[in-house]
Amino acid sequence: NMNFIADRLKRIKPSMTVGINVKANALRAEGKDVLVLAAGEPDFDTPLNIRKAAVTAMEEGQTRYVPGKGTPALQKAIQSKFLKDNNLHYDLDEIIVGVGGKHIIYNAMMATINPEDEVIIPAPFWVSYPDIVLLAEGKPVIVPCPEDQNFKLTADQLEKSITDKTKWLMLNSPSNPTGSLYSKQELQKLADVLLKYPQVLIMSDDIYEKVIYDDLEFSTLASVEPRLRDRCLTLNGVSKSYCMTGWRLGYCGAPKEIIAAMNKIQSQSTTSTSSISMAASVEALNGTQDFIDEHNQAFVRRRDLVVNLLNQIDGLSCLTPQGAFYVYPSCAGVIGKVTPDGQKISNDEDFMSYLLESEGIAGVHGAAFGLSPYFRLSYATSDEILTDACARIKRACEQLK
Ligand code: PLP
């Protein structure tokens, strides 16, 4: 019995959200009536001007190797984006492009983590953070951030979690899975703590920056506290804001030593993302931004619809998120109940299995994001599907005893 697989793979598990989407789509392909509310992407197509820029790039023969850090045009577009949107000046050697935001996080961890280095991850967290840290031989330090603090890390919790071994703090605002947004004041309080601990780097995952509602203002740590700028990695990408999840392009601004180290890894692995995706992303960043408001109008309408319907269901309760396109309702009220088949619902994973089997609702259980008993639904789908889904969830909950 040969074992071909490296030990390092034993530390990690496959992405749960990717897995659930594969499973739900397979059930649907078999003809089952499944509503998939597990997707981590906008349901809109990439805007036409961006697709056209890609076609032009292909026709013009931009089909060869390009610099791993990004073409000069893309580097400039990213530089102006950071300046315009975030009031952050990055030199060109402080910017790098990767194969999606996930790849930027992966390279940053591989470039900086030594065995036993600790990474503070507020929970609920995006599913990939702990596994990427583990793959890089680091130690995830999970800090539960309960609903009564809007699922956000407090300055007090941060201070208590920092040790001599702390290498990174992961911050994600607006958040996947909760949609919580950190205000400028909240970030300043975290910054005041971080200023005392010069060994800590901060990953500011701003990938949902443009998906914000109710005229709230987006803030990012490096800009809120300029004295932390040289310890921040400001992560962004085109996936969510520009509906470009399949194009695989993320980028960041960070201290140049870290960028150089990430570039070294990239030069021996992916080399770069696709030249065509880079050309399309130049248009995404420099071209019209008008569709962002249109998309957000649809998202906010769907958010209000779903939050309202979920809060009418006995056993569930749902906060109103400020951004991203997820809700993270509590299912505390159904835990301990029994299904018509006599199965006990002991946790959020049982509840999600029950919803899938009884009503064909595919969402993601809260345990995957490190905070139970909750579940995540994506509302990046039509009003009709959302209304139908909430009616099915209601019916399923009413059958529990
Ligand atoms: N960060 C968060 C919080 C996310 O939700 C995602 C995608 O789901 C990413 C980063 C990575 O995005 P991508 O690799 O598709 O650019």
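## A buried arginine and its salt bridge

R303 counts as buried, because its relative accessibility is 4%. Buried means under 20% relative accessible area, exposed means over 50%, and partly exposed lies in between (1.4 Å probe, protein chains only). D304 is partly exposed, with a relative accessible area of 39%. Salt bridges that share partners also join D43, R301, R302 and D383 into one network.

The model is predicted: local features need pLDDT of at least 70, side-chain atom pairs count only at pLDDT 80 or more, and totals for chains, interfaces and linings use all residues. Residues are numbered from 1 along each chain as its sequence is written, and side-chain values use heavy atoms, leaving out hydrogens and water.

Side chains of opposite charge can pair when their charged atoms come close. A salt bridge here is a side-chain nitrogen of Lys or Arg within 4 Å of a carboxyl oxygen of Asp or Glu. The structure holds 23 of them. One joins D131 and K13, at 2.9 Å from N to O. This pair links distant parts of the chain, 118 residues apart: D131 sits in helix 5 (residues 128–135), and K13 in the segment before helix 1. Helices (H or I, at least four residues) and strands (E, at least two) are DSSP runs, numbered from the N terminus. D131 counts as buried at 11% relative accessibility. K13 is partly exposed, at 44%.

K152 and E186 form another salt bridge, with their closest N and O atoms 3.0 Å apart. They are 34 residues apart in the chain: K152 lies in the loop between strand 4 (139–144) and helix 6 (155–161), and E186 in helix 7. K152 is buried, with a relative accessible area of 9%. E186 is partly exposed, at 30%.

## Nonpolar cores

A nonpolar core is a set of buried Ala, Val, Leu, Ile, Met, Phe, Trp, Tyr and Cys residues joined through side-chain atoms within 4.5 Å. The largest has 48 residues. L158, L169, L194, L221 and Y242 have the most contacts inside it. Elements giving two or more residues to this core include strand 5 (166–172), helix 7 (184–194) and helix 10 (275–286). Helix 10 gives the most, with 7 residues.

L194 touches L158, I162, L169, V200, I202, L221, L228 and R231, not counting residues up to four places away in sequence. Contact means heavy atoms within 4.5 Å. A second, separate core of 42 residues includes I105, A123, L233 and L235.

## Strands

Strands of a sheet pair through backbone hydrogen bonds, either parallel or antiparallel. Two strands count as paired if DSSP finds at least two bridges between them. Strand 5 and strand 6 run parallel, joined by 5 bridges. L171 has S204 in strand 6 as its bridge partner. In strand 6 (residues 201–205), 5 of the 5 residues are buried, so the strand is largely enclosed by the rest of the structure. L201, M203 and D205 point one way, and I202 and S204 the other.

An open sheet of 3 strands has the order 9-12-11, with antiparallel pairing. Strand 9 (326–327) and strand 11 (364–365) stand at its edges, each with a single partner strand, so one side of each lacks a neighbour in the sheet. Strand 11 pairs with strand 12 (residues 375–378) over 2 bridges. V364 has R376 in strand 12 as its bridge partner.
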